[in-house]
Amino acid sequence: MSVTFKIFISTLLLSFSVAANAGDELQNGGDIIACPGLEIPSYRSLDLYEGKMVYNLEPALIDQSDYRVIVSKLIDRIEKFDINRANLYRLFLRNFQAETQMITGSEFGNIKDEGFITLPLGCELQQAAAQFRRPTPEGIKYIFNSAIWSNMSTMTRAALVLHEIVYREALMPKTGPATSAKVRYFTAYIHSTKMLNGSSADYAKAKAFAGFK
């Protein structure tokens, strides 16, 4: 990889932190859990791990070969209680691929927006994605680490994409969340058996806890 390309990536990632202070970008990272493997790490969803360990949200996973189908079915769960939010998320999903830039041959620096986190013993946090508060002039909204993405399971990809979709809504107000903790909670809730089998009152409490109306 050329020195010029390394400088470009470093500048791009630094822009998230600089712009956060300027008000254009706010805490907007997508983290993944990386656990040691023989050749490559095993990647897990931070949102779903925390959801289970911290909030007792047992995932009701969807087995599909396409992450977009999984995310669409997760949005179906929202539609039962909240058709406006479901329509918003479907719009974000429909435009997701066109607005995404996969970055190859590079490591992402950490965007320190996590707040308190819980990790399995022996594992670490890695920055897998980030998003601009507003798309670039070239129409780029999200950037993803291609090497990490390529080695994630379909379900983990779906969880990360839904995380970015939820985060996108959270960044819509002028004052976004201080950390991604509530975004991770809401992503885990949407995946959970509680969401699948719960009531509209349960959903209302979850979205209020996550800071959504």
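Q: Which residues of H7 are buried in this predicted model?
A: A residue is classed as buried when its relative accessible area is under 20%. In helix H7, which spans residues 181-191, this applies to 10 of the 11 residues. The buried residues of H7 are Ala181, Val183, Arg184, Tyr185, Phe186, Thr187, Ala188, Tyr189, Ile190 and His191.

Q: What covers the buried residues of H7?
A: Helix H7 is largely enclosed by the rest of the structure, because 10 of its 11 residues are buried. The cover includes several helices from other stretches of the chain, among them H3 (67-79) and H6 (154-170).

Q: Is Glu50 buried or exposed?
A: Glu50 is found in helix H2, residues 46-55. The relative accessible area of Glu50 is 4%, and the limit for the buried class is under 20%. Glu50 therefore counts as buried.

Q: With which residues is Glu50 in contact, leaving aside its neighbours within four places in sequence?
A: Contact here requires heavy atoms within 4.5 Å. One of the partners is Arg184, itself among the buried residues of H7. The complete set for Glu50 is Tyr55, Phe116, Ile117, Thr118 and Arg184.

Q: What is the relative accessible area of Met53, and to which class does that assign the residue?
A: Met53 has its place in helix H2. Its relative accessible area is 49%, and the partly exposed class lies between the buried limit of 20% and the exposed limit of 50%. Met53 therefore counts, at 49%, as partly exposed.

Q: How many Å apart in space are Met53 and Thr118, C-alpha to C-alpha?
A: Met53 belongs to helix H2, and Thr118 is a contact of Glu50. In sequence, Met53 and Thr118 are 65 residues apart. In space, the C-alpha to C-alpha separation of Met53 and Thr118 is 8.0 Å.

Q: Which residues does Thr193 contact, leaving aside its neighbours within four places in sequence?
A: Thr193 is found in helix H8, residues 193-197, and at 30% relative accessibility it counts as partly exposed. Thr193 and Leu57 are 136 residues apart in sequence, with 7.1 Å between their C-alpha atoms. The contacts of Thr193 are Glu58, Pro59, Ala60 and Gly198.

Q: Which residues line the largest cavity?
A: The count comes to 1 cavity of 30 Å³ or more, and the largest cavity has a volume of about 40 Å³. Its lining divides into 6 nonpolar residues, 1 polar residue and no charged residue. Ala60, a contact of Thr193, and His191, a buried residue of H7, both belong to this lining. The lining residues are Ala60, Leu61, Ile62, Ile70, Leu74, Met155 and His191.

Q: Which element supplies the largest share of the lining of the largest pocket?
A: The largest pocket holds about 260 Å³ of space. Of the 17 residues that line it, the closest to its centre are Glu107, Phe108, Gln126, Asn145 and Ile148. Strand E4 (124-131) and helix H5 (146-150) each supply at least two lining residues. The largest share, 3 residues, comes from E4.

Q: How many residues of the lining of the largest pocket are charged?
A: Asp, Glu, Lys and Arg are the residue types that count as charged. The lining of the largest pocket has 7 nonpolar and 7 polar residues. The number of charged residues in this lining is 3.

Q: Which residues does the disulfide join?
A: The count comes to 1 disulfide. The pair links distant parts of the chain, 88 residues apart, from strand E1 (residues 29-35) to the loop between strand E3 (100-103) and E4. At an S to S distance of 2.0 Å, the residues joined are Cys35 and Cys123.

Q: What percentage of the contacts with a separation of 6 or more comes from residues 24 or more positions apart?
A: The chain has 9 helices and 5 strands, and buried residues make up 49% of its 213 residues. For the contacts in the chain with a separation of 6 or more, the share from residues 24 or more positions apart is 71%.

Conventions:
Residues numbered from 1 in each chain as written. Predicted model: local features only at pLDDT ≥ 70, side-chain atom pairs only at ≥ 80, totals over all residues. Heavy atoms only, no water. 1 Å grid on protein atoms, 1.4 Å probe; cavity = no way out; pocket = protein on both sides within 12 Å on 5 of 7 lines; lining within 4 Å. Points joined across faces, edges and corners; volume = space filled by probe spheres on them. Helix = DSSP H or I, 4+ residues; strand = E, 2+ residues; numbered from the N terminus. Buried < 20%, exposed > 50% of the residue type's maximum accessible area, 1.4 Å probe, protein only. Disulfide = S-S within 2.5 Å.
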